Amino acid sequence: PSLRIEKRDLTTGEPVPETTFRIKGINVSYQNDVTTGAAGTATLEDLAPGVYEVTEIKVPSPWILDSTPKTVFLEATEGSDEPRVLTFENSKQPGLLILKKDALSGEPVAGVTFHIKQIDGTYEDYKTTDVNGQIFLENIEAGSYTVTETAVPGNYLLDSTPKTVELAPNKTATLEYFNLQRPGLLIQKVDKDGGPIEGIEFDVSRKGGDSLGTFITNAQGEI
């Protein structure tokens, strides 16, 4: 008898090449490793009748290895060349999309750094948002992760409160962060006709007396 092993994507049904399986005889003396071709199949011919165990031992990225063995009984059938078919379907590793936006305008914010750490695993890294205010992590392990903002550009206020996200196979999770900018103070010094006055010194302090410094108006009469 013959055995054809088929490897397919769980969601799309598309064939998955370059997947290696180990075939062991249970009540016959046999062991062999085979790898699926471009069609996602591997065929073994002229096997002795008996019970065989088939185990997936290697898969290409981004698919998740499923090492649960399957058992198949092959019996001799006269006049039939059709192989027995054993199908394996696998999920892909998940993705994580982090979006960073200005809280008032909704515009993307580049240059924001996040710490991403897997709670129940070994993954840990720092990533920074691109010009679109995005970080996209693909083909990482399923599981629970914490995402913490660690650095922000310019006048944005850091929000270091960690968020937890669960990544499931075949899915991309999205986390959105909205940040406010620090408030600003514009001081204008003008004469009685409304013209700017340069070189006027101001001492600026917080309520309570803490000084922020001494500042001087520019040619536009502004600080």
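Hi everyone, thanks for coming. Before we start, please keep in mind that this is a predicted model.

Let's begin with charges. Side chains of opposite charge can pair when their charged atoms come close. How many salt bridges does the count come to here? The count is eight, and I'd like to walk you through a few of them.

Take Lys100 and Glu149 to start with. Their closest N and O atoms are 2.6 Å apart, and the two form a salt bridge. Lys100 belongs to strand β8, residues 95–102, while Glu149 belongs to strand β12, residues 143–151, so this pair ties together parts that are 49 residues apart in sequence. Are these two residues buried or exposed? Lys100 is buried, because its relative accessibility is 1% and the limit for buried is under 20%. Glu149 is buried too, with a relative accessible area of 1%.

Arg4 pairs with Glu6 in a salt bridge, with 3.3 Å between the closest N and O atoms. Arg4 is partly exposed at 25% relative accessible area, whereas Glu6 counts as buried at 12%.

One more pair, and then we move on. Lys127 forms a salt bridge with Asp125, and the closest N and O atoms are 3.4 Å apart. Lys127 is partly exposed, with a relative accessible area of 31%, and Asp125 is partly exposed as well, at 28%.

On to the nonpolar side. In soluble globular proteins, nonpolar side chains tend to be buried together. In this model, the largest nonpolar core has 17 residues. Which of them touch the most other members? Those are Leu96, Ile98, Phe114, Ile116, Val147, Val165 and Leu167. The elements giving two or more residues to this core are β8, β9 (113–118), β11 (134–137), β12, β13 (163–167) and β14 (172–179). With three residues, β14 gives the most.

Last stop, the surface. Glu45, Asp46, Asp81 and Glu82 form a negative patch there. To find Asp81, look in the loop between β6 (70–74) and β7 (84–90). Asp81 counts as exposed, because its relative accessibility is 75% and the cut-off is over 50%.

That's my tour, and I'm happy to take questions.

Definitions and conventions. Residues numbered from 1 in each chain as written. Predicted model: local features only at pLDDT ≥ 70, side-chain atom pairs only at ≥ 80, totals over all residues. Heavy atoms only, no water. Patch = residues over 30% accessible without salt bridge, like charges linked within 9 Å, V, L, I, M, F, W, Y side chains within 5 Å. Areas by Shrake-Rupley, 256 points an atom, 1.4 Å probe, with all protein chains shown as cover. Salt bridge = Lys/Arg side-chain N within 4 Å of Asp/Glu carboxyl O. Lys, Arg positive; Asp, Glu negative; His and termini not counted. Charge placed at Lys NZ, Arg CZ, Asp CG, Glu CD. Helix = DSSP H or I, 4+ residues; strand = E, 2+ residues; numbered from the N terminus. Buried < 20%, exposed > 50% of the residue type's maximum accessible area, 1.4 Å probe, protein only. Core = buried A, V, L, I, M, F, W, Y, C linked by side-chain atoms within 4.5 Å.
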